[in-house]
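Let me put the model up, and then I'll walk you through the parts I'd like you to look at.

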Amino acid sequence: MKDDNSPANGEEPPSDHRLQLLKEFHSAGRGFWRDVSDADWNNWRWQLKHRITTPEQLQRLMPTLTPEEFAGAKLANTKLALAITPYFFNLIDPADERCPIRRQVIPRIEETRAAPWEMSDPCGEDSHSPVPGLVHRYPDRVLFLVTDRCAAYCRYCTRSRLVSNASGYDFHPEFDKQIEYIARHPEIRDVLLSGGDPLLLSDDKLENLLGRLRAIPHVEFLRIGSRIPTFLPQRITPELCAMLKKFHPLFMSIHSNHPRELTTEVRDATGCLADAGIPLGNQSVLLKHVNDDATVMKALVQKLLMCRVKPYYLYQCDLISGSAHLRASVRKGIAIMAQLRGHTTGYAVPQYVIDAPGGGGKVPINPDYILSRNADRVLLRNYEGKIFEYPEAPDGTPLSSPPEEIVEPELV
Ligand code: SF4
């Protein structure tokens, strides 16, 4: 597949042309699976059954696998399993070692090199877990881990200690205990189902779980976090959407990092969820050589809106063990945010956050728009770098007399 991120002549096209190329919708196509029937290809269980899970399969399908990737794939099943759906595999450009899709799902040997400041549980979830499979870190909401399985595995996964069970974490959620804990805590008004991927449960199991949570009177709001719409859009069936719409208010956070992940198949899947009245947000992780580029990020957020998905969070990559080769700098993240805010639709601008290492929760990170505060004004910078003054006393009350010398806006 041609990488629309890197033109054939090796030169960067002008950025608005590149932006338009990145925003085009394409189907993932059939690739090696062109002889498979439509019924099988569009069946999510068939996709799961035919995932690429071994280094040998990967090398057979992709002879351009590098020694670093092959070595990483051989060791993956001792850390975080290798699994890629045939659908998602078709988005990889085998001719491009730096393909942004490839970097997200194909292991590399660098994953085995951990720095001293990297952690297996960078968000401190285990220390905030009152019962197995439940994380209660913020006062009014909980994270409900449903399964340790995903349709495919992201090489930067924050929960790689437990998802896929490759490192022997032995994750066993206990739904009865998780639900009982929520029922006993009236302060919990918001439950986020995550994992692993909750949409790997059958419709019946998921319906049963959502029904039990919905029956708790103080649970106001349900959320599902899922990468299935991008790894396995075939799972988003009309039957699933019809079932989910019984449990409103129900929101869903999907996960995509690069505009090429947003195919016509994904657009159909998110359209089906949106038609069921499910508000959709997207979570992205800032990743080196994947989306640490203002044009790529702009294409992603604008394309998400076309898929009826609000870009919600952009995460600084957590300090997960063996992820240094995928982490972009905070400085880069701030520079990208400065290229979005004011330069595109406000709805398209996600909140950039760092999940404070060790369990401090999400800290919003923004470019500096307040330059100073003094006795009678706040000095502001807008997205173009122009400076403005907002008259206000230090305690926030309106001024009784005009501040001295309001300067005209000027360009810095
Ligand atoms: S889908 Fe989510 S939980 Fe699963 S590997 Fe990717 S980031 Fe981790």
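Disulfides to begin with: taking a disulfide as a pair of cysteine sulfur atoms within 2.5 Å, the count comes to zero. Before I go on, this is a predicted model, so local features need pLDDT of at least 70 and side-chain atom pairs count only at pLDDT 80 or more, while totals for chains, interfaces and linings use all residues. Residues are numbered from 1 along each chain as its sequence is written, and side-chain values use heavy atoms, with hydrogens and water left out.

Now, the ligand. Which residues surround the ligand? They are C150, Y153, C154, C157, V163, G196, R227 and H255, where being near a molecule takes a heavy atom within 4 Å of it. By class that shell divides into five nonpolar, two polar and one charged. The classes go like this: Ala, Val, Leu, Ile, Met, Phe, Trp, Tyr, Cys and Pro are nonpolar, Asp, Glu, Lys and Arg are charged, and the others, Gly among them, are polar.

Two of those cysteines are worth a look. Are C150 and C154 buried or exposed? C150 has a relative accessible area of 13%, so it counts as buried, and C154 is buried too, at 10%. For the cut-offs, buried is under 20% relative accessible area, exposed is over 50%, and partly exposed is in between, with a 1.4 Å probe and protein chains only.

Where does the ligand sit? The space it takes is the largest pocket, in the sense that more than half of its atoms lie within 2 Å of the pocket's grid points. That pocket holds about 1,000 Å³ of space. It has 42 lining residues, and the closest to its centre are R159, L192, S194, Q283 and Y315. A word on how that's done: we use a 1 Å grid over the protein atoms alone; a pocket is an open set of points with protein on both sides within 12 Å along at least five of seven lines, a cavity is a set where a 1.4 Å probe fits but cannot get out, and lining residues have an atom within 4 Å of a point. Points are joined across faces, edges and corners, and the volume is the space filled by probe spheres set on them.

At least two residues each come from β1 (134-138), β2 (141-145), β3 (190-194), β4 (221-225), β5 (250-255), β6 (280-286) and β7 (310-316). The largest share, four residues, is from β7. Strands here are DSSP E runs of at least two residues, helices are H or I runs of at least four, and both are numbered from the N terminus. Sorted by class, the pocket lining has 21 nonpolar, 11 polar and 10 charged residues.

Now for the backbone. Most residues other than glycine have a negative phi, and most peptide bonds are trans. Here a cis bond joins G195 and G196, with omega about 20°. You'll remember G196 from the ligand shell; its place is in the loop between β3 and α9 (203-214). Another cis bond joins H248 and P249, omega about 0°, and P249 is in the loop between α11 (238-244) and β5.

On phi, S164 has a positive value near 80°. S164 is in the loop between β2 and α8 (175-184), and with a relative accessible area of 10% it is buried. H289 is also not a glycine, and its phi is positive at about 60°. That one is in the loop between β6 and α13, and it's partly exposed at 31%.

Last, a contact along the chain. A338, in helix α14 (residues 330-340), is partly exposed at 23% relative accessibility. From A338 to N366 is 28 residues in sequence and 8.1 Å in space, C-alpha to C-alpha. That's it from me.
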